[in-house]
Amino acid sequence: MYGIVLEGGGARGAYQIGAYKALAEEGIEVRGVAGTSVGALNGAIIAQGNFEKAYELWHDISYSKVIKANDDEIERLKKGRWRREDIFLVTQLLKGIIEEGGLDITPLKNLLKEVIDENKIRNSGKDFAIVTVSLSDFKPMELYIEDIPYGKLVDYLMASAYLPVFKREKIDGKSYLDGGVYNNLPADLLIKKGYKDLIIIRTGSFGIVKKIDFKGLNTLVISPKEDLGGILDFDKNVVRYNLKLGYFDGLKALKGLKGDKYYIEPKGEKEYFIRYLMNLEERRIENLKDIFRVNKEIPAKRALFEVIIPKLCSLLDLKVDADYDEIFLTLLENLAEIYEIERFRVYTYEKLISAVREKINCDKEAVEEDKEEIEEIIESVIKKIDVLSIFTKNEVIKEVGKVIFS
């Protein structure tokens, strides 16, 4: 009986739906959903069993579907392409926000009325919970679906997502505020219902996160390692990127994929990487000695493990006691990123090495005539490796890659 917990985060909520896509494809059945703010909105659509609609909604999102605004005008202002009339536009916009008490999110409410089927949620057999804060009563409200008056679900979903910059509507004469100011990650609401298996999807957004004792629970956390953008950044490109990132981060968490930025199936073989290094031909190690300016008198294998690998750790910003798996993977990912190899796919080590090798072979031919300049760069890098620019570090990493993988 899996429960899913969805953190608040505004436009970052696209990441959650991407992650849920991975859960759905892997056949994870969810019996309970708890969310705050955008997590509550996403959670409602998941609870009613309409994930495809949620994905479509986020894929095609725009500013005008969330706030009362003109998409073209917002995009122009974001890009700094201001014309004389834009000054007037911004002035009127700010004036309107002040007079109306905040951004008008009527479009979002209308969208939810179209998408949310309250009866489906109530009859789904799933537990569903949200968090909001009553400004009128000065108290937080943690509500299960059975606590919400019939016909008021959309109103309370909106109440959970009322950021301070939004214009708020009252529910039965009372004002509400975004639940993130009290409990932005309401795992406790499912724990109280007896859930032992929890999947928590973070967004890295601001908000209060309660300390919870997860001892005795089976908890899987899906969380971004990079900034998902602003909570009001509904730019299509940003949102679609976050959908994709959430999906692959979901696969990583479920399948135990390796990698920091890439998604790599773990090696089943023990000591694969140490054997890879041990099997490097002596001529390759001699080339590495040249790159790292290692004394030629030191025997090859000793130079590799006692001098070259510690220098490589420094180059890759790793601790000197990093294990060989970490060193190998970090080098491989750095090379993949430098050569702009497609990130969003699941690789085996062999496939990623092959992709890197192909790029290296092309690069070797292209830079042959720049060999002298590259050697000068390497010389300066090795002398003072702690103050490298990204460019010079990348050049050395590329040279190391050519020796090890070409």
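Predicted model: local features only at pLDDT ≥ 70, side-chain atom pairs only at ≥ 80, totals over all residues.
View 1. Helix α2, formed by residues 38–47, is mostly covered, with 10 of its 10 residues buried.

**View 2. K196 in the loop between α9 and β6.** The loop that holds K196 runs between helix α9 (187–191) and strand β6 (197–201). K196 has a relative accessible area of 51% and is therefore classed as exposed, since the exposed class begins over 50%. Leaving aside residues up to four places away in sequence, K196 touches G216, L217 and N218. The C-alpha atoms of K196 and T219 are separated by 8.0 Å, although these two residues are 23 residues apart along the chain.

**View 3. A patch of negative charge on the surface around D325.** Four residues, D321, D323, D325 and E326, gather on the surface in a patch of negative charge. Among them, D325 has its place in helix α14, which comprises residues 324–338. The relative accessibility of D325 is 41%, so this residue counts as partly exposed, because that class lies between the buried limit of under 20% and the exposed limit of over 50%.

Terms used: Residues numbered from 1 in each chain as written. Heavy atoms only, no water. Helix = DSSP H or I, 4+ residues; strand = E, 2+ residues; numbered from the N terminus. Buried < 20%, exposed > 50% of the residue type's maximum accessible area, 1.4 Å probe, protein only. Contact = heavy atoms within 4.5 Å. Patch = residues over 30% accessible without salt bridge, like charges linked within 9 Å, V, L, I, M, F, W, Y side chains within 5 Å. Areas by Shrake-Rupley, 256 points an atom, 1.4 Å probe, with all protein chains shown as cover. Salt bridge = Lys/Arg side-chain N within 4 Å of Asp/Glu carboxyl O. Lys, Arg positive; Asp, Glu negative; His and termini not counted. Charge placed at Lys NZ, Arg CZ, Asp CG, Glu CD.
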